[in-house]
Structures are given as structure tokens and as C-alpha cells.
Amino acid sequence: RFNGSIDDLHAYLTRTADGGFVKPGPFDLMTVIGVQRALNFLKVGEPPLIEDGIVGPKTRSAVREFQKGNGLVADGVIGEKTRAALADGLPQVLGII
């Protein structure tokens with residue numbers, strides 16, 4: 001029986017046997033899970049988002065934080081401009097550019 005919070009469970013499930021972290025999967029920014037994964041990878045919001053595909057208050061808050069930090073209208077909506085800004089930010093973090 002698990003008695004911790006959902007964030008504790010997420011932290012447990014994303015750890016590897018050697019104490020490292022699971023590498024992020026693909027960033028499909030057309031899905032909510034992909035956006036959540038990208039926001040987590042970019043370290044937007046604390047604690048990290050649960051990558052569950054649900055646009056709840058924590059996801060909307062992280063999206064607004066990302067939008068504000070990238071000169072976008074901070075409305076919490078995952079629209080075309082937000083997806084484009086996420087896509088632009090990921091290659092830099094991944095060392096591709």
C-alpha cells in the first residue's frame with residue numbers, strides 16, 4: 001500500500017535502479033503528455049508535472065509560466081505559438097543547436 005503523494009509516486013517511478021532518472025521520451029508537442037514532458041524537461045514549474053495528459057491547474061500554471069518567460073500571452077492555453085516556442089527551446093537544451 002502506497003501512502004505518499006502523487007508527486008512522491010511520480011518521483012519514484014521516474015528513477016532508475018542506479019539512482020538516475022528515466023530519460024524523457026519523445027516530445028510530441030501535439031499531445032498534452034508531450035507538452036507536459038517538454039515543460040518538465042525544460043524545468044518549468046515545481047514540482048514537476050505528472051505526465052498524465054490532463055490539462056489541470058498545475059499544467060495550466062506551468063504553461064503560463066513558460067509563456068510569460070518567452071514573451072507570449074500568458075493565458076495557459078497550449079496553442080500554436082506556445083508549441084512553437086517549446087519546440088524552439090528543446091533543441092538548445094538538448095544540445096542540438
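Student: Which residues does Ile 54 touch, not counting residues up to four places away in sequence?
Tutor: This is a predicted model, where local features need pLDDT of at least 70, side-chain atom pairs count only at pLDDT 80 or more, and totals for chains, interfaces and linings use all residues. Residues are numbered from 1 along each chain as its sequence is written, and side-chain values use heavy atoms, with hydrogens and water left out. A contact means heavy atoms within 4.5 Å. By that rule, and leaving out residues up to four places away in sequence, Ile 54 touches Val 32, Gln 36 and Thr 59.

Student: Is Ile 54 buried or exposed?
Tutor: Ile 54 sits in the loop between H2 and H3. Buried means under 20% relative accessible area, exposed over 50%, and partly exposed in between (1.4 Å probe, protein chains only). At 52% relative accessibility, Ile 54 counts as exposed.

Student: What distance separates the C-alpha atoms of Ile 54 and Ile 33?
Tutor: Along the chain, Ile 54 and Ile 33 are 21 residues apart. Their C-alpha atoms are separated by 7.7 Å.

Student: Which residue forms a salt bridge with Glu 51?
Tutor: A salt bridge is a side-chain nitrogen of Lys or Arg within 4 Å of a carboxyl oxygen of Asp or Glu. The count by this rule is 1. Here the N to O distance is 3.1 Å, and the partner of Glu 51 is Arg 37.

Student: How many residues apart in sequence are the parts that Glu 51 and Arg 37 tie together?
Tutor: Glu 51 is partly exposed, at 26% relative accessible area. Glu 51 lies in the loop between H2 and H3 and Arg 37 in helix H2, so the pair ties together parts whose separation in sequence is 14 residues.

Student: What is the relative accessible area of Gln 67?
Tutor: Gln 67 lies in helix H3. Its contacts beyond four places in sequence include Leu 72, Val 77 and Thr 82. Gln 67 is buried, with a relative accessible area of 1%.

Methods. Helix = DSSP H or I, 4+ residues; strand = E, 2+ residues; numbered from the N terminus.
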